[in-house]
Amino acid sequence: MSLSTVSVAGLGKLGAVMAAVLADKGFTVVGVDLNPAAVDAINRGLAPVQEPMLSEYVSRNRERLSATGDIEAAVRESGVTFLIVPTPSGPDGTFRLDYILEVIRGIGRALRAKDSYHLVVVSSTVMPGHTENEVLPLLEEISGKKCGVDFGLCYNPEFIALGSVIRDMLNPDMLLIGESDKKAGDLLESIYRRVCDNQPPAARMSFVNAELTKISVNTYVTTKISYANMLAAVCERLPGADVDVVTGAVGLDSRIGRKYLKGALSYGGPCFPRDNVAFAAMARRVGAEAVLAEATHKTNRLHTERLGEFVLNLVDGDATAGILGLSYKPGTGVVEESPGIALARYLRERSVPVAVYDPLALPQAKGELGDSVHYAGSAAEVIDRARVVLVMTAWDEFRSLTPADFARPGARPILIDCWRLYQGKGFDTTCTYLTLGAGNRRAQTGLSASGAAQSAREHAAG
Ligand SMILES: NC(=O)c1ccc[n+]([C@@H]2O[C@H](COP(=O)([O-])OP(=O)(O)OC[C@H]3O[C@@H](n4cnc5c(N)ncnc54)[C@H](O)[C@@H]3O)[C@@H](O)[C@H]2O)c1
């Protein structure tokens with residue numbers, strides 16, 4: 001079996017990057033996608049999705065990277081096939097497997113006619129039990145071949161963040177490999193040893209343990225984010241308290257660590273919000289309770305409402321709320337479950353005029369918000385229109401705003417600096433400057449939360 005030719009089924013946000021990274025490390029890669037635009041983009045040396053550095057990776061590896069719509073041909077040509085197709089959430093919150101099973105049928109048909117060993121790697125996020133109970137039997141049935149003999153099967157999810165997918169793939173914290181047998185795991189690990197710039201530990205185990213590990217990492221990280229957000233909410237009501245000071249110290253404890261411990265906004269994106277729901281649904285199915293996963297999901301939703309209520313207090317009459325940042329994080333145009341979109345919806349449902357701007361995500365935001373909001377062409381336009389301006393995504397473009405950008409004759413806009421980008425930079429000279437997670441306003445004024453809003457309104461009017 002030749003390990004040097006690899007096929008990648010699914011050329012989306014994750015698969016396109018994996019195909020390009022493998023090609024960059026010297027593998028011959030055949031990408032497969034049902035979407036002709038993705039296939040065409042790869043074959044023309046263009047990135048099919050937005051992701052930093054992807055265009056460069058695709059264009060500089062044209063001679064090793066091609067794409068097709070034909071999964072069977074791709075399997076015939078390669079020794080390994082990675083599956084990175086969607087696994088959307090079903091009505092009960094668990095991940096659907098139909099896209100995977102569709103690809104598995106194609107792989108099975110190709111394997112039936114193939115006489116060399118093939119390694120099949122499921123990289124999409126699937127539910128615990130799926131690989132063993134659904135994927136493996138179908139692959140054996142369609143191919144007429146035996147797993148562990150004629151082909152190997154691995155479950156190998158990626159731990160990447162959109163906006164840094166290439167860097168994350170090249171420098172993972174670990175290689176998580178659920179394997180049908182040692183040969184399959186060894187082969188997959190050897191591919192990663194060629195691809196990774198670092199030397200990550202390999203966590204090799206059964207399918208179900210790997211599936212559970214993947215979803216556990218995400219549910220744990222979101223619980224940590226929610227913990228910091230809970231601290232922020234408390235700090236806002238505790239005179240003199242500052243969440244950044246507290247989490248900065250809490251994170252120094254080596255049992256806790258500093259990453260993902262910033263009390264700010266709800267987590268969003270295509271993965272995090274659905275993982276706690278899926279985890280809780282899975283727990284219920286097996287007769288266990290996942291109270292913590294349910295609480296994390298609930299508290300994440302409440303967090304946006306809490307911010308929305310605060311803004312409502314500031315924009316009486318027909319004053320406009322301005323939202324800077326609609327992608328769920330900087331470096332990506334993805335708006336799925338983004339706090340900026342959720343806040344815009346919350347305010348529009350309560351008839352508050354909303355103006356929005358994002359350096360990258362405006363086209364995607366239009367798909368979510370339609371014509372319910374004003375789409376500004378710049379941050380300056382939002383600041384000009386709005387009484388209250390919230391910085392919801394910590395884009396570099398927003399970091400470079402200055403107090404002068406908020407100077408307006410006869411009025412002081414209210415700036416809510418959700419990520420504390422402007423602390424100590426003199427913004428209170430031109431606007432009413434508020435942050436999330438700090439009780440300092442109330443410490444100065446001794447006001448309640450609604451009193452703080454009243455005070456901010458008065459400043460804004462003045
Ligand atoms: N995006 C992330 O941040 C991320 C992170 C970790 C894990 N994941 C998981 O990776 C998987 C893929 O996610 P994504 O964000 O890349 O999805 P995506 O929607 O961006 O891309 C999926 C691609 O698969 C293609 N596809 C669908 N059916 C196909 C088929 N039968 N044959 C070939 N191609 C097909 C689609 O056309 C699309 O291009 C999901 O299970 C997701 O949960 C995603």
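Is Glu-63 buried or exposed? I looked it up: Glu-63 counts as exposed at 63% relative accessibility, where buried is under 20% relative accessible area, exposed over 50% and partly exposed in between (1.4 Å probe, protein chains only).

Ground rules first. I'm working on a predicted model, where local features need pLDDT of at least 70, side-chain atom pairs count only at pLDDT 80 or more, and totals for chains, interfaces and linings use all residues. Residues are numbered from 1 along each chain as its sequence is written, and side-chain values use heavy atoms, with hydrogens and water left out.

**Salt bridges**

I took a salt bridge as a side-chain nitrogen of Lys or Arg within 4 Å of a carboxyl oxygen of Asp or Glu. That rule gave me 26 of them. Glu-63 pairs with Arg-64 at 3.3 Å, N to O, and Arg-64 is partly exposed at 23%.

Next I checked Glu-72 and Arg-109, whose closest N and O atoms are 2.8 Å apart. Glu-72 sits in helix 4 (residues 71-77) and Arg-109 in helix 5 (residues 98-112), so this bridge ties together parts 37 residues apart in sequence. Glu-72 has a relative accessible area of 22%, and Arg-109 has 41%.

I also noted a salt-bridge network linking Glu-179, Lys-182, Asp-186, Glu-189, Arg-193 and Arg-204.

**Ligand**

Here I looked at distances to ligand oxygen atoms. Domain 1 (5-205) and domain 2 (211-462), with bounds from an automatic or database assignment, both give residues to the shell, so the ligand lies between them.

How values were computed: Helices (H or I, at least four residues) and strands (E, at least two) are DSSP runs, numbered from the N terminus.
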